[in-house]
Amino acid sequence: MFEFLNKVKEHKFSRRSFIGAGAAVTAGAVFPASRNKLQKLTAVQAEELQSSEGEWIPAACWHNCGGRCLLKAEVVDGIVKRVKTDDTREDSPDNPQQRACVRGRSQRQQVYGVDRLKYPMKRKHWEPGGGNKELRGNDEWVRISWDEATDIVASEIERIKNKYSNRSILVTGGDIGRALNLVGGHVGTWGTTSWGSWRWGPAYFGLQEGYFEHSINDRIDLRNSQLIVLWGLNPAWSSPGSPTYNFLQAKKAGARVIVIDPMYSESAELLGDEWVPVHPGTDHALMLGMAHTLIEEDDPDSNPLIDWDFLKSCTVGFDQDMMPEGADKEANFKDYVLGTHDGQPKTAEWASEISGVEAGVIRRIARDIASTNRVALLTGWAPARIKNSDSWPQMFMTFGAMTGHMAQPGRMTGVSCHFGTGNGGPRLVMGGGNGVPPAEENDVPDSLVHAEMWDAILKGEYTAGYNDKRDIDIQMIYHGMGATLQTRDGQSKGIDVHKNVEFVVTNGHFITTNAKYSDIVLPATTPWEREGGFNVGNRDALFYYRNVIDPLFECKDDAEITTEIGMKLGFTAEEVYGDVSPRQQLFNQIAGAQVINKAGTDYEPLVTITNKDISEWGVEGEPQKGRITISELEEKGVYQVERKPGDNYGYIAQEAFRKDPEANPLETATGKLEIYSEALAEYVKGIGFTEIDPIPTYNPAIEGYEDTYKNFHAKEKGDYPLQVINPHYLRRAHTIFDNNPWLREAWPNDVYVSTADARERGVKNGDTVLVESKHGKTLRIAHVTERLIPGTIGLMHGAWVEMDEEKDIDKAGSDNILTGAIATGQAISGWNSTICDFRKWEGEDLKLDKLWEPRTV
């Protein structure tokens, strides 16, 4: 155990290794020629590599898109020659191949990237206390040894905790906390991240958040839907793998598809029968107008549009007669929609003025949904990444409840996102735990929320709850994983923070934004260079990967880095990480993997393990009987549960609850779906930012559509008359792959602007434009299109910031340069509520990203 701590890994290259290390098998490709140098592939070497045959090894596709599809790498002499995806089965609608998207298939470009971090490095002008901190982001790098790097990190941890306290050390991710908790702990972070207002609120009113649990039915049942409403989701871009294919099967089975989105997306083009463009952040108002239509036009006998039986048996709060005990009967949803007490009926005309959707269209869609027998009301997280959107998920649930499209075959209401896109339900197959003991408890109770953290650090004060402000003095930041500086609200202030604290460390693969503004960078291995493990994708499949190549250069895995720092802090390897070797950890995951039984009632072991397996692996374990052998798992890299209509594995969300609400109550205060939820309102209030009503009333977003006007009612536009959305597209998985040369060439990082807005500003397709908000400025090349609702720009999510320090302008199109650190409600990160303007840039035109030099060191 921990033998790796007793030696330095030397990566030696033979001649054939030189050849094989090229990321492409063409002349001119770059490959490692020694531990310190890179070399180009000759035509002869390329031909030799082309003719070589190697072993196909299941490889990790580890990025956070929700797909985690099957990827295999052909390895020749320890070097990856090429990759492929799922060919382990015949492709069929019931049991599709688990195919990787363009990002996964380009992953070799990541692992062998010329810009990989190769050695530990120190900022040239760093010294204890920070040195010249203003140079962070622009300083030179100096190569140092692992011994020096871990000495510096450990000594700075000790210095800062002794000078200030453990409350001055912030960890944004990774497992470095295992070492820090042994010396008193650290400040953490939390937030709604991708979920927006779906993260915490649904538990209080009775739906699921869409990642850990689902309130939508599975993919086989989706084919029973007659109408599918895709509200603010674009699976063709944001959920690669099988989701779009599953939606196609539903469409082939006869479903119509309505897409409600500010952008005419690839999903709308492929699946949609109708596109309804809507102003970002006004979805709640649009749905209130639809609800008003149903309330006004419903007649249980001649025109039944509302499912009164479902409302009465399964919900509370719709009208006066359905209010929970002790609540003010006048505070019901129906009276709010009719304007009984506030004098403002939420009519289709009222909703149209806000949302931009014509009143006639609002009424027609409402009637269509209510009068169709089987409807899937599906939304993504994007419409909830809005400041002040805390009541939006409750509104979405309320409309689903009004129409009764819940908890029956072909009828569902909820989030269709990430792992669960178009395929809800508990996992049918899952990996086991690795057996590593839990970390010591963190003695520091403080945790900073993403939407406020940079502001809080600059001001020295953070929000800990309702009327609860606490001091904070962060002087050290450790980025153990992730892209916190790139992806958190108010990036400009985040950069200021990184130029002011005393010490910043990053573990990483490249000079990412986190690393760029650090003092010490520690090169981490990719999962291809580690022992192995499981990736989870959709509920039907489990993906296994194993070691593909040896660690490159001087890269180490994060557990090794944490352990070495912990040892420099005075602890043994076992005290930091336990005594479970990486090989044993992998075996534990395999032995603990489970699969649904044939009856669909319980789980059983997935993998057969023999005494011979245990001996050959050199681990501790017990024999067991499973579905497949270890050798089959190691060869195929995937186990997929066979599906067919009518099998025992189908999932109808909340089916038992609908059939008998009294016998199967929900985990809400009333046991029902809460259209009136005092618990939700109290939860949001307790966070300490803004408050909401117990029913889903409309609260205009801060920096939303209404704020594009100086005077909304007079329709007088303000200084920032446009809204920003941040589509997740195929160049990146969040921020990862932004440096990938293949994807840079395939997917330019243009800013999408509507034809009308471009014409008004004298901008043509291909012009360089300056996009500006009150929080920051960025340059991009304009892609002029009819695919956006006018008044909106599309700035793709995740570009690595590249600041022109003199002009204070980002050149890369970083979306978070434009966002502000404005926390609302349950501390929502409201990236899709940002307002801006753009104009033609008068300076030097931008080069295409594919022509930019990589961030090599």
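Domain bounds here come from an automatic or database domain assignment. On that basis the chain splits into domain 1 (1-46), domain 2 (121-186 + 432-524 + 540-640), domain 3 (196-425 + 652-687) and domain 4 (705-851). This is a predicted model, in which local features need pLDDT of at least 70, side-chain atom pairs count only at pLDDT 80 or more, and totals for chains, interfaces and linings use all residues. Residues are numbered from 1 along each chain as its sequence is written, and side-chain values use heavy atoms, with hydrogens and water left out.

**Stop 1: domains 3 and 4**

Colour domain 3 and domain 4. Their centres, taken over C-alpha atoms, are 30 Å apart. Domain 3 gives 32 residues to the contact and domain 4 gives 32 residues (contact means heavy atoms within 4.5 Å). Together the two domains bury about 2800 Å², 59% of it on carbon and sulfur atoms. Buried area is the accessible area (1.4 Å probe) that two parts lose on being put together, summed over both.

Now select Trp237, Arg385 and Lys387 in domain 3. These lose the most area to domain 4, together 30% of what that side buries.

**Stop 2: the salt bridge at Glu266**

Between domain 3 and domain 4 the count is 2 salt bridges. A salt bridge is a side-chain nitrogen of Lys or Arg within 4 Å of a carboxyl oxygen of Asp or Glu. Select Glu266 and Arg787: their closest N and O atoms are 3.0 Å apart. Glu266 sits in helix H11 (residues 266-271), and Arg787 in the loop between strand S36 (777-785) and strand S37 (792-795), 521 residues away. Helices (H or I, at least four residues) and strands (E, at least two) are DSSP runs, numbered from the N terminus. Glu266 is partly exposed, at 21% relative accessible area. The classes are buried (under 20%), exposed (over 50%) and partly exposed in between (1.4 Å probe, protein chains only).

**Stop 3: His279**

Go to the loop between strand S12 (274-276) and helix H12 (283-297), where His279 lies. His279 is buried, at 10% relative accessibility. Leaving aside neighbours within four places in sequence, its contacts include Ile354, Tyr705 and Ile789.

**Stop 4**

Select Arg367 and Glu297, a salt bridge at 2.8 Å between closest N and O atoms. Arg367 is in helix H16 (residues 359-371) and Glu297 in helix H12, so the pair ties together parts 70 residues apart in sequence.

Next, pick Asp738 and Arg732, whose closest N and O atoms are 2.6 Å apart in a salt bridge. Asp738 is buried at 2% relative accessibility. Arg732 is buried too, with a relative accessible area of 2%.

Finish on Asp218, Arg219, Arg539, Asp540, Arg643 and Asp647, linked in a network of salt bridges.
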